[in-house]
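Here is a walk through the salt bridges of a predicted model. Keep the sequence and the structure side by side as you read.

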Amino acid sequence: MKRWLIHGTLFVLTFGMATLFHGPLYAVTIMGILLSHELGHYLMCKKYGVAATFPIFIPMPNILGTLGAVIAMRSPIPNRKALFDIGVAGPLVGLALALPAIIVGLHFSEIRPMNEIAGKETLYLGEPALFSWLSEKILGPIPSTQDVFLHPAAFAGWAVLFVTSINLFPVGQLDGGHMLYAMIGRRARIVSWGVVLGLVYLAFRINPMWFGFVVMILLFIFRHPAPVDDVTPIGRTRWLLGILTYVLMAVCFSAVPFDFRPPSR
């Protein structure tokens, strides 16, 4: 009962914070997608007999109102195939729901003149390749004198693309790290260091926010435990799915995801 009380309290706090920042429609959309993402992991854990907690939401007073959600695995993963399936299930389920949210949200978004935001602090969102392509297909070319004011559902979908791209980094115990370890075993550590160095480069050259992610990765999730059977390969089909999923990571990623700009005069 105590565990469910913690889960419920964190869920309510996260919903309240997301609602406070961007309204109830945004909160329902993003939390529904994040919950589905984690349930993808959870159901795969059940399939392979891995003990896991129910999804735990993390409230945070940031631009999204949350740091997302997680599950904790409490028993060893039996083999590489199980590790891969557990890792890939969440991102694919989340993206499958984020895309309709973006499409519907873009249809209800508004194109307004830029002078409407004069004198106001403005949040500009970086557009991942996938979001930019959908926006162009649905809204068409946007004149330089106008901008898109996103509907809450579209903003929630954008947020899921951002969170999913980070989760798919092939490093440590992130979803992409699980996949990579399942694909290449202990050699994944070399790639993980490459990702960390890449984030340090982004932090110095493009956006210092990436320093925070480097610190979290190194302190909490860099080390990846091996599955019980660390020898049996995952097979060609999972390899191809892994490559496709990393391509999805690339088209969901933005090196400058958001930018606050002071009021224009």
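A salt bridge here is a side-chain nitrogen of Lys or Arg within 4 Å of a carboxyl oxygen of Asp or Glu. By that rule, the model holds four salt bridges. The model is predicted, so local features need pLDDT of at least 70 and side-chain atom pairs count only at pLDDT 80 or more, while totals for chains, interfaces and linings use all residues. Residues are numbered from 1 along each chain as its sequence is written, and side-chain values use heavy atoms, with hydrogens and water left out.

Start with Asp-85 and Arg-238. Their closest N and O atoms lie 2.9 Å apart in a salt bridge. This pair links distant parts of the chain, 153 residues apart: Asp-85 sits in helix H3 (residues 80-108), Arg-238 in helix H9 (residues 236-252). Helices are DSSP runs (H or I, at least four residues), numbered from the N terminus. Burial uses relative accessible area: buried is under 20%, exposed over 50%, partly exposed in between (1.4 Å probe, protein chains only). Asp-85 is buried at 9%. Arg-238 is partly exposed at 22%.

Next, take Arg-186 and Asp-230. Their salt bridge has its closest N and O atoms 3.7 Å apart. Both residues lie in loops, 44 residues apart: Arg-186 between helix H6 (175-184) and helix H7 (188-205), Asp-230 between helix H8 (210-221) and H9. Arg-186 is exposed at 62%, whereas Asp-230 is buried at 16%. Shared partners join Arg-80, Arg-186 and Asp-230 into one salt-bridge network.

Finally, Glu-110 meets Arg-112 in a salt bridge at 3.0 Å, N to O. Glu-110 is partly exposed at 41%. Arg-112 is also partly exposed, at 26%.

Definitions and conventions. Helix = DSSP H or I, 4+ residues; strand = E, 2+ residues; numbered from the N terminus.
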